[in-house]
Amino acid sequence: MALIAQKYSEKVLERENRVQEQVKQQHIPVKVYRTAERLMIAAPMAGLEPENILVEVTHDGRLILHGDQRAMLKEVKELLVDEWSVGVYHRELALPVPVNAVCANVTYGNGVLMVALPISDQTSPARLTLERVTATHGEHKGNAGHLATCVQT
């Protein structure tokens, strides 16, 4: 009987010591800066496919950054440290100036999302998705900073 209890205790201890990969929503840190013509946002969003990223500017001047869930690790025997979780990326913030999101440029490469929004007299909302350029790079060309060539739909 003592041998069975010992084996059970060892199994429970092994299970408690093993870290399970967590699935949760990731907070996205951002860097927001501006020039005279445009507002720029940089946001690290590692591990995503370009087509799984959505950038939206709402009528009320809010920026929404969203990335769909990354895949969990496969066939991991024991996860030792889990400081970076799988899950979705999501961030909403109020933009400091009105922008024309229809003419925005959005690029994703090396795990960083870059959004260039032309500054405008009033906010023009848009929902922007990326087209895959390579497996880890994507873009949406709206000609930010070149309003004369921007085609609004």
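**Figure 1. Order of secondary structure elements along the chain.** Read along the sequence, the protein runs α-β-β-β-β-β-β-β-β-β-β-β, which comes to one helix and eleven strands. Helices (DSSP runs of H or I, at least four residues) and strands (runs of E, at least two) are numbered from the N terminus. The model is predicted, so that local features need pLDDT of at least 70 and side-chain atom pairs count only at pLDDT 80 or more, whereas totals for chains, interfaces and linings use all residues. Residues are numbered from 1 along each chain as its sequence is written, and side-chain values use heavy atoms, with hydrogens and water left out.

Figure 2. The strands are arranged in the order 2-3-8-7-11-10 with antiparallel pairing, where two strands count as paired if DSSP finds at least two bridges between them. Strand 2 (31-34) and strand 10 (131-134) stand at the edges with a single partner strand each, so one side of each has no neighbour in the sheet. From one strand to the next the twist averages 15°, taken between N-to-C directions of lines fitted to C-alpha atoms, on a scale from 0 to 180 degrees.

**Figure 3. Pairing of strand 2 with strand 3.** Strand 2 and strand 3 (residues 38-44) pair in the antiparallel sense over four bridges. Tyr33 has Met40 in strand 3 as its bridge partner. Strands of a sheet pair through backbone hydrogen bonds, either parallel or antiparallel.

Figure 4. Thr58 is found in the loop between strand 4 (53-57) and strand 5 (62-67). Thr58 is buried, with a relative accessible area of 17%; buried means under 20%, exposed over 50% and partly exposed in between, with a 1.4 Å probe and protein chains only. The side chains of Thr58 and Asp60 are joined by a polar contact of 2.3 Å, that is, a pair of N or O atoms within 3.5 Å, of which one must be able to donate a hydrogen and the other to accept it, while residues adjacent in sequence count only if both atoms are side-chain atoms. Leaving aside residues up to four places away in sequence, Thr58 touches Ile64, Thr123 and Pro125, contact meaning heavy atoms within 4.5 Å.

**Figure 5. Surroundings of Ser124.** The loop between strand 8 (112-118) and strand 9 (126-129) holds Ser124. Ser124 is buried, its relative accessible area being 17%. Beyond residues up to four places away in sequence, Ser124 touches Val99, Asn100, Ala101 and Val102.
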